[in-house]
Amino acid sequence: AAPVLNCSTGLSSPHLTSPKVLQEYRVDNSKFRSQAHGLGYRRSKRLEDKDGNALAMWGTTVLGTDEGDGWVRVGDRFLPWELR
């Protein structure tokens, strides 16, 4: 699995950040190397539950909370910490 989110504190693991604290996360494609334009938002904590074509563009920063289970909540949607 390749990490696709990095916390603004420099952490890149869901086990090292503080769950439920609003933080900035950089959407990072340096290790995953996707050809897509960004990371797809999910409506739930399931990878297959994509929110249409809604993307967090690579290289941008999102504001969210670490759910403590490999997911970051951004508003009412979710982004995974890592992808395979």
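Biologist: How many bridges join strand β3 (residues 22-27) to strand β6 (residues 61-66)?
Modeller: Strands are DSSP runs of E with at least two residues and helices are runs of H or I with at least four, both numbered from the N terminus. Two strands pair if DSSP finds at least two bridges between them. β3 and β6 run antiparallel, and the number of bridges that join them is 5.

Biologist: What pLDDT do side-chain atom pairs need in order to count?
Modeller: Residues are numbered from 1 along each chain as its sequence is written, and side-chain values use heavy atoms, with hydrogens and water left out. The model is predicted: totals for chains, interfaces and linings use all residues, local features need pLDDT of at least 70, and side-chain atom pairs count only at pLDDT 80 or more.

Biologist: Which residue in β6 stands opposite Tyr25?
Modeller: β6 is joined to the antiparallel strand β3. The residue of β6 that stands opposite Tyr25 is Val62.

Biologist: In β7, which residue is the bridge partner of Thr65?
Modeller: Strand β7 (residues 71-74) runs antiparallel to β6, and 2 bridges join them. In β7, the partner of Thr65 is Arg73.

Biologist: Which residue takes a positive phi in the hairpin of β6 and β7?
Modeller: This hairpin has 4 residues between its strands. The positive phi there is near 80° and belongs to Gly68.

Biologist: Is Asp66 buried or exposed?
Modeller: Buried means under 20% relative accessible area, exposed over 50% and partly exposed in between, with a 1.4 Å probe and protein chains only. The C-alpha atom of Asp66 is separated by 8.1 Å from that of Gln23, 43 residues apart along the chain. Because its relative accessibility is 0%, Asp66 counts as buried.

Biologist: How many residues apart are Glu67 and Lys45?
Modeller: The side chains of Glu67 and Lys45 meet in a salt bridge, with 3.0 Å from N to O. Glu67 lies in the loop between β6 and β7 and Lys45 in the loop between β4 (38-42) and β5 (50-57), so the pair links distant parts of the chain, with a separation in residues of 22.

Biologist: Which residue forms a salt bridge with Asp51?
Modeller: The closest N and O atoms of this pair are 3.2 Å apart. The pair links distant parts of the chain, 26 residues apart, with Asp51 in strand β5 and its partner in strand β8 (residues 77-80). Asp51 is partly exposed at 24% relative accessible area, and its partner, partly exposed at 23%, is Arg77.

Biologist: Which residues are in contact with Glu67, leaving aside its neighbours within four places in sequence?
Modeller: Contact means heavy atoms within 4.5 Å. With those neighbours left aside, Glu67 is in contact with Lys20, Lys45, Arg73 and Phe78.

Biologist: What is the C-alpha to C-alpha distance between Arg84 and Pro3?
Modeller: Arg84 is placed in the segment after β9 (82-83) and, at 82% relative accessibility, counts as exposed. Leaving aside its neighbours within four places in sequence, Arg84 is in contact with Ala1 and Phe32. Arg84 and Pro3 are 81 residues apart in sequence, and their distance in space is 8.9 Å.

Biologist: How many strands are there in the protein?
Modeller: Read along the sequence, the pattern is β-β-β-β-β-β-β-β-β. There are 0 helices, and the number of strands is 9.

Technical notes: A salt bridge is a side-chain nitrogen of Lys or Arg within 4 Å of a carboxyl oxygen of Asp or Glu.
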